[in-house]
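Please take a moment with the sequence and the structure shown here before reading the explanation that accompanies them.

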Amino acid sequence: MAKIEIDSSSGFCFGVTTAIQKAEEEINRSGLLYCLGDIVHNSDEVGRLERKGLKIISHEDISRLHDVKLLLRAHGEPPSTYSAAKANNIEIIDATCPVVLRLQQRIKASYSVAPENRPQIIIYGKNGHAEVNGLVGQTEGNAIVVEGPDDLDKIDPSKPVALYSQTTKSIAGFQEIARLIQQRLHPGVKFEQYDTICRRVSNRVALLKNFARNHDVIVFVAGEKSSNGRVLYGHCLEENANTHLIANPSQIRPEWFPEGDISVGICGATSTPLWIMEETRQHLEALLNGAD
C-alpha cells in the first residue's frame with residue numbers, strides 16, 4: 001500500500017495566481033482575452049485557459065491588434081510594450097507581480113540619474129527571460145545581464161556598479177556573483193548590491209528538500225518551459241535519488257515504484273497548477289493502490 005502526499009508548499013506563486021485570476025475574470029465577462037506570451041510556463045494550464053477564450057500572442061502581434069484587451073503576465077514588460085499598446089488603443093490588464101514591479105521601479109530610479117553619476121546596472125538573471133527583458137527595458141536596453149562568471153568580462157572594473165537580481169534566482173548564486181564582481185572592481189570603485197530575490201520562491205527550496213527527504217519516491221510536476229521547475233527538481237534530486245520529473249500524469253512509469261508499503265510525495269514548481277498535482281495523485285492511487 002502506498003501513502004501518497006501532495007506538498008502543501010508547491011504550486012503557483014502569488015504573482016501567477018493573481019494573473020490567472022485576472023485572466024479568468026475577464027474571460028468570464030467577455031469570452032475573449034489576449035495574453036502576451038504564455039501566462040504561465042505550463043502547457044497544460046495554458047491549454048485549459050485557451051479553451052476558455054485566452055489567446056496567446058507575441059510582441060510582433062501587438063502592431064496588428066486594435067481596440068482589444070491585453071493581459072500582461074506576472075513577469076512584467078518593458079516600457080516599449082505599454083507604448084505599443086497605447087498606440088493601438090489596446091487596453092492593458094496589468095498582472096505584473098508586485099515584487100517584479102517594485103524591482104522595475106528601483107532599476108529605473110538607478111538609471112534615471114545624470115549620466116555622469118549613473119552606475120553600470122547589472123542584472124543577475126537569464127538572458128532572454130521575460131522578466132529580465134522587462135528589467136533591461138527600464139534602462140533603455142543598457143543594463144548588463146550576467147548569467148554566471150563567464151559574463152563578468154562585460155563589466156568595466158573602473159566604473160561603479162549597481163547589482164540587482166531576477167526575482168526567481170537563487171540566493172547563493174546571487175551572493176557568489178556579487179563576491180566575484182567586487183573582487184574584479186578597481187580599488188575605491190563604488191559597488192552596490194540589492195538582493196531582489198522573491199523570498200516566497202527562494203524559501204521553497206528548504207521546504208522542498210525536507211519534503212523530498214521524507215518520502216521514498218518523489219514525483220516532481222513541472223512544465224517543460226519552466227526554468228524554475230528544473231531548478232527545484234534539481235534540489236529534490238539532490239535529497240532523493242528516486243525523484244522523477246513529469247509534465248503530467250501520462251508520463252508516470254510503474255517501474256519507478258517498488259512494491260510494498262512506500263511513501264510517495266508529489267510536488268511542483270511555482271508554475272505548476274494544483275489541479276495537475278491532484279490528477280497526478282489520483283493516477284498514482286489507481287496505479288499503486290488500485291483505486292478507481
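The paragraphs below turn to a sheet, then to a helix beside it, and lastly to one serine.

The model is a predicted one, and a place to begin is an open sheet of 4 strands, whose order is β7-β6-β8-β9 and whose pairing is parallel. Since β7 (144-146) and β9 (191-193) stand at the edges and have a single partner strand each, one side of each is left without a neighbour in the sheet. Neighbouring strands of this sheet are turned against each other by 25° on average, if direction is ignored. In general, the strands of a sheet pair through backbone hydrogen bonds, in either a parallel or an antiparallel manner.

Within this sheet, strand β6, which covers residues 120-124, pairs in the parallel sense with strand β8, which covers residues 161-165, and the pairing extends over 5 bridges. Here Y124 can be found opposite S165 in β8. Helix α4, made up of residues 98-111, lies across β6 and β8, and its direction makes an angle of about 170° with β8.

Elsewhere in the chain, the loop between β10 (217-221) and α9 (227-239) holds S226. Is this residue, S226, buried or exposed? Its relative accessibility is 2%, and because a residue under 20% is classed as buried, S226 counts as buried. Leaving aside residues up to four places away in sequence, S226 touches H41, A269 and S271. With S271 there is also a link between side chains, as a polar contact of 3.1 Å joins that of S226 to that of S271.

Methods:
Residues are numbered from 1 along each chain as its sequence is written. This is a predicted model: local features need pLDDT of at least 70, side-chain atom pairs count only at pLDDT 80 or more; totals for chains, interfaces and linings use all residues. Side-chain values use heavy atoms; hydrogens and water are left out. Two strands pair if DSSP finds at least two bridges between them. Helices (H or I, at least four residues) and strands (E, at least two) are DSSP runs, numbered from the N terminus. Axes are lines fitted to C-alpha atoms, for helices over the stretch in contact, and angles run from 0 to 180 degrees between N-to-C directions. Contact means heavy atoms within 4.5 Å. Buried means under 20% relative accessible area, exposed over 50%, partly exposed in between (1.4 Å probe, protein chains only). A polar contact is a pair of N or O atoms within 3.5 Å; within protein, one must be able to donate a hydrogen and the other to accept it, and residues adjacent in sequence count only if both atoms are side-chain atoms.
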